[in-house]
Number of protein chains: 2
Amino acid sequence: MEKSSGQSKRTGRRPGATATREQIAAAAREQFSALGYERATFRAIAASAGVDPALVVHFFGSKEKLFREVMELPPAVSDALVRVAEGPRDDMGRRLAELIVGALENPATRSIVLGRIRSASSHPDAAALVRETVTRDLARLAVAVTDDRPETRAVLIGAEVVGVALARYVVLVEPLASLPAAEVVALLAPTFQRHLTAPLGD
Amino acid sequence: MEKSSGQSKRTGRRPGATATREQIAAAAREQFSALGYERATFRAIAASAGVDPALVVHFFGSKEKLFREVMELPPAVSDALVRVAEGPRDDMGRRLAELIVGALENPATRSIVLGRIRSASSHPDAAALVRETVTRDLARLAVAVTDDRPETRAVLIGAEVVGVALARYVVLVEPLASLPAAEVVALLAPTFQRHLTAPLGD
């Protein structure tokens, strides 16, 4: 794609800067998800994106800032979470399971979820992001469904997601690691349904 | 406890060797649980146990061997898991929840569980230990309860335990992090009961 358009202006940003930036972001997500925050390096991220490490610094500043920026969940996902409450009540667990398994099966969102989880134990920002997803996004959903301890329901769902994500994609516990996505949805749906709508506790 | 008994023999092991060994093991569990396998060092483990790093090598050999040895679950815990199947069927979820929350509230077993989970993403041995707990210990329990996909049930329970352990003790997601243990038992019991005895999936 050399000289792709005749209109490149000397504005200080190279033409293609957005594409390069997104390439670096994708490489960073991969690294954070595969190695966790501590072990991911600018050098390896740059190598995997095929750019000079200085360019990573140029675009994102510090490793902290890079992490925060590339580990944001797409607004589409957080918005979809609260909209799970909008459909029929009987079917909420299934809709939530479809949304979450869908996000985990998508490589980009999976990298974000796993990158947060794997970094959360060593990196306070990552822990804050995991907490925020539970106490903001999942809690918004639970609050829309019930006023009986919605925050507790949100954390039960969040814990389930974290456990299933680690078991299926990182630790590779069978048979979960090899099940088709649709079966994982079917397994999670009734648990989510209970966490959202059944009386809590025994 | 200097000179605790008059019978110390010159067998090549110092008197008190067992106590020292156990001190090192406890320090190692702490480190693996706080930092994960990669970031734990012989030097820091030795410092926290108050011994020379050479003594850690003397007792345990390599970091691999140290990890494997100190991260074994006490047989009492794995035996208790399968015995959950022995009592009344209606109450199985609660007995399992009591056993697991009890193990997590005990600092020594909690270090083992968290050390395995936190190391599992970067260290194949740790991942193998996590898989083994699910596919051996939890599966033995599930097989004793039902012949309807017991391995799948075991991994659902295992994922739940991993998620709750991370949320409550590592990422500190509220309100789960601050709930009394008895309430955590009450929250987990019905989910475990379903995973063990209800039809799977929706």
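Predicted model: local features only at pLDDT ≥ 70, side-chain atom pairs only at ≥ 80, totals over all residues.
Let's start with the symmetry. Two copies of a chain are related by a rotation about an axis and a shift along it.

Now for the contact itself. Chain B puts in 43 residues and chain A puts in 43 residues. Of the interface residues of chain B, 100% are also interface residues in chain A, so the copies meet through the same surface. Between them the chains bury about 3400 Å², with 68% of that on carbon and sulfur atoms.

What about polar links across the interface? There are six residue pairs in polar contact between chain B and chain A. Which parts of chain B do the touching? Helices H7 (107–120), H8 (124–145), H9 (150–170) and H10 (181–197) of chain B each supply at least two residues of the side that touches chain A. The largest share comes from H9(B), with twelve residues. Sorted by class, that side of chain B has 23 nonpolar, eight polar and twelve charged residues. As for salt bridges, the count between the two chains is two. A:Glu183 forms a salt bridge with B:Arg149, where the closest N and O atoms are 3.9 Å apart; the cut-off is 4 Å.

Over all chains, the salt bridge count comes to 18. One of them pairs A:Arg21 with A:Glu69, closest N and O atoms 2.9 Å apart. This pair ties together distant parts of the chain: A:Arg21 belongs to helix H1 (residues 17–35) and A:Glu69 to helix H4 (residues 63–70) of chain A, 48 residues apart. A:Arg21 counts as partly exposed at 22% relative accessibility, and A:Glu69 also counts as partly exposed, at 41%.

Another salt bridge joins the side chains of A:Arg153 and A:Asp148, 2.9 Å from N to O. A:Arg153 is buried, with a relative accessible area of 2%, whereas A:Asp148 is partly exposed at 33%.

Over in chain B, B:Glu22 and B:Arg29 form a salt bridge with their closest N and O atoms 3.4 Å apart. B:Glu22 is partly exposed at 43%, while B:Arg29 is buried at 15%. Back in chain A, salt bridges with shared partners join A:Glu132, A:Arg136 and A:Asp137 into one network.

Definitions and conventions. Residues numbered from 1 in each chain as written. Chains lettered and ligands numbered in written order. Heavy atoms only, no water. Contact = heavy atoms within 4.5 Å. Buried area = accessible area lost by both parts, 1.4 Å probe. Polar contact = N/O pair within 3.5 Å; in protein donor to acceptor, adjacent residues only side chain to side chain. Helix = DSSP H or I, 4+ residues; strand = E, 2+ residues; numbered from the N terminus. Nonpolar A, V, L, I, M, F, W, Y, C, P; charged D, E, K, R; others polar. Buried < 20%, exposed > 50% of the residue type's maximum accessible area, 1.4 Å probe, protein only.
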